Amino acid sequence: MTVTAADVTAAHMTAAEKTGARTSEAADVITGARERIDALDDRIIGLIQERMAVSAVIQEARITSGGRRVNLSREMEVLDHYREALGKPGTSLAMTLLELCRGRV
């Protein structure tokens with residue numbers, strides 16, 4: 001494994017410097033919260049991958065039965081669901097999820 005100058009610099013930074021906090025107590029809170037966020041992100045990625053797999057099953061069944069790969073009315077339901085739950089940014093998130101899940105078949 002190659003050690004870079006950035007690795008050496010990061011290793012010598014204090015927790016407060018790494019987090020932008022002004023106190024070690026705040027740095028500890030931030031560090032713990034970031035660890036939780038990283039764990040949540042890993043779970044979210046896993047759920048997205050699971051969603052992609054389920055979507056592929058649905059698309060395969062639809063195509064095999066002579067239907068279209070994409071069901072636009074269903075996509076609108078998904079967009080509405082995310083918008084209602086998360087506001088306008090939810091629509092963007094749903095669009096990204098739909099894009100990830102389309103065309104895998």
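Predicted model: local features only at pLDDT ≥ 70, side-chain atom pairs only at ≥ 80, totals over all residues.
**View 1. Helix 3 and helix 5 make a right-handed crossing.** The axes of helix 3 and helix 5 come within 9 Å and cross at roughly 55°. On the helix 3 side, the contact is made by Ile48, Arg51, Met52, Ser55 and Gln59. Helix 5 contributes Leu97, Leu98, Leu100 and Cys101.

**View 2. Helix 4 runs from residue 72 to residue 86.** Follow its 15 residues from one end to the other: the first and last C-alpha atoms of helix 4 lie 21 Å apart, close to the 21 Å expected at 1.5 Å a residue.

**View 3. Glu75, Val78 and Leu79 are the buried residues of helix 4.** Why do the buried residues of helix 4 line one face? Seen down the axis of helix 4, they fall within an arc of 100°, so they share one face of the helix. What do the buried residues of helix 4 pack against? Their partners are helix 3 (24-64) and helix 5 (88-101), the pair that cross in View 1.

**View 4. Helix 4 has exposed residues on the face turned away from its buried side.** Look there for His81, Glu84 and Ala85, which are exposed.

Definitions and conventions: Residues numbered from 1 in each chain as written. Heavy atoms only, no water. Helix = DSSP H or I, 4+ residues; strand = E, 2+ residues; numbered from the N terminus. Expected span 1.5 Å × (residues − 1). Buried < 20%, exposed > 50% of the residue type's maximum accessible area, 1.4 Å probe, protein only. Arc of directions from axis to C-beta. Contact = heavy atoms within 4.5 Å. Axes fitted to C-alpha atoms, helices over the stretch in contact; angles between N-to-C directions. Left-handed = near helix turned anticlockwise from the far one by under 90°.
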